[in-house]
Amino acid sequence: MFFIFDLETIPDIEFIRRVLNDRESDEELLLEKASEELARNASGFLPPMYHRMVSWVGLWIENTGGPKQKIAWSGENEKEGLIKIFDAIGTYKDFGLIHHNGKGFDIPVLTYRAMKHGLQMPVRMNDYDIRYRYSKHNIDLVDEFSNYGASSWPKLKHLGQLIGIPFKQTGEGNEVYAMYKRKELDLIEHYCYEDVMATYIVWLYHQFTAGHIPEDQFNNFKDRAMSKLKEIQSGPPR
């Protein structure tokens, strides 16, 4: 079984204040300072350590590529969310992971936040099968498409455009904090679900292109996934 997942996060304001020793600046100014002093990229996007999780969505798929079960969480209680995702991931003993930049962001976030809250991650998360960069049990699409950094890393949105499928209809990542402050947690989770379904579809295309899935099976899974994606993009449930 494989677990396709994505996290939605916001800046950990309290932690950032401690790191920068700044109790006086308003949030906007604080985040500007953090982008200048803590970010390691031109965009100013903060490294995983400075984020807290507010939502996650996971999709279990069988080794054949067929979808099995969706699981999700969103909320204010990050510790509760971490316990739920660790319980979900630990459902199967020999699970694998599929994600887009999960090695660079999502998995480090889970590790840092587990440390913060005094939680243990599933033991398999530290197995060689998962930790090994070239593992076929921990599939990061940015590695698969960039040949492990030999080429440039593709954005999920652009992969969708390449295969003629519109992604990121619910919102962009930099809008998550604004949604959180408006208490739109259901919308954040919905946005996260779109990312997971998009990741699943791109993975299906990659598996077919690489010759790992026969055409009839690929078309069946793709059509079902596209139907679900269109349902998600029609808007959050009311």
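The buried residues of helix H10 are Phe-218, Phe-221, Lys-222, Ala-225, Met-226, Leu-229 and Ile-232, where buried means under 20% relative accessible area, exposed over 50% and partly exposed in between, with a 1.4 Å probe and protein chains only. They lie on the same side of H10, because they cover an arc of only 140° around the axis; the arc is that of the directions from the helix axis to the C-beta atoms. The structure is a predicted model, in which local features need pLDDT of at least 70 and side-chain atom pairs count only at pLDDT 80 or more, while totals for chains, interfaces and linings use all residues. Residues are numbered from 1 along each chain as its sequence is written, and side-chain values use heavy atoms, with hydrogens and water left out.

## Helix H10

Helices (H or I, at least four residues) and strands (E, at least two) are DSSP runs, numbered from the N terminus. H10 spans residues 215–233, that is 19 residues, and reaches 26 Å from its first C-alpha to its last, close to the 27 Å expected at 1.5 Å a residue. The expected span is 1.5 Å times one less than the number of residues in the helix.

On the other side of H10, Asp-216 and Lys-230 are exposed. The cover over the buried residues of H10 includes strand E3 (67–74) and helix H9 (185–209). Just after H10, Gly-235 takes a positive phi of about 130°.

Lys-222, a residue of H10, is buried with a relative accessible area of 18%. Not counting residues up to four places away in sequence, Lys-222 touches Leu-204 and Tyr-205, contact being defined as heavy atoms within 4.5 Å. The C-alpha atoms of Lys-222 and Tyr-200 are separated by 9.0 Å, and these two residues are 22 apart along the chain.

Two strands pair if DSSP finds at least two bridges between them. E1 and E2 pair in the antiparallel sense over 10 bridges, and the bridge partner of Ile-10 in E2 is Arg-52. E2 and E3 also run antiparallel, joined by 7 bridges. Leu-59 stands opposite Lys-70 in E3, and Ser-55 has Ser-74 as its bridge partner in E3.

E2 and E3 form a hairpin with 5 residues between them, and Gly-65 in the turn has a positive phi of about 105°. Of the 11 residues of E2, 11 are buried, so E2 is largely enclosed by the rest of the structure.

## Aromatic rings and charges

The structure holds 12 aromatic pairs. Rings of Phe, Tyr and Trp (its six-membered ring) pair if their centres lie within 6.5 Å; planes under 30 degrees apart count as stacked, over 60 as edge-to-face and the rest as tilted. Two of the pairs are given below.

| Pair | Centre to centre | Angle between planes | Class |
|---|---|---|---|
| Phe-3 and Trp-60 | 4.8 Å | 55° | tilted |
| Phe-45 and Phe-105 | 5.6 Å | 50° | tilted |

Phe-3 is buried, with a relative accessible area of 0%, and Trp-60 counts as buried at 1% relative accessibility. Ring pairs also link Phe-3, Phe-5, Trp-60 and Tyr-92 into a cluster.

Phe-45 lies in the loop between helix H2 (27–37) and E2 and Phe-105 in helix H4, so their pair ties together parts that are 60 residues apart in sequence. Phe-45 counts as partly exposed at 44% relative accessibility, whereas Phe-105 counts as buried at 11%.

A charge sits over a ring if NZ of Lys or CZ of Arg is within 6 Å of the ring centre and within 35 degrees of the ring normal. The charged end of Arg-124 sits over the ring of Phe-95, 5.6 Å from its centre. Lys-181 lies over the face of Tyr-177, at 4.7 Å from the ring centre.

## Asp-106 in helix H4

Asp-106 is found in helix H4 (residues 102–117) and is buried, with a relative accessible area of 3%. Leaving aside neighbours within four places in sequence, Asp-106 is in contact with Phe-5, Asp-6, Leu-7, His-100 and Asn-101. Of these contacts, Phe-5 is one of the residues in the ring cluster with Phe-3, Trp-60 and Tyr-92.
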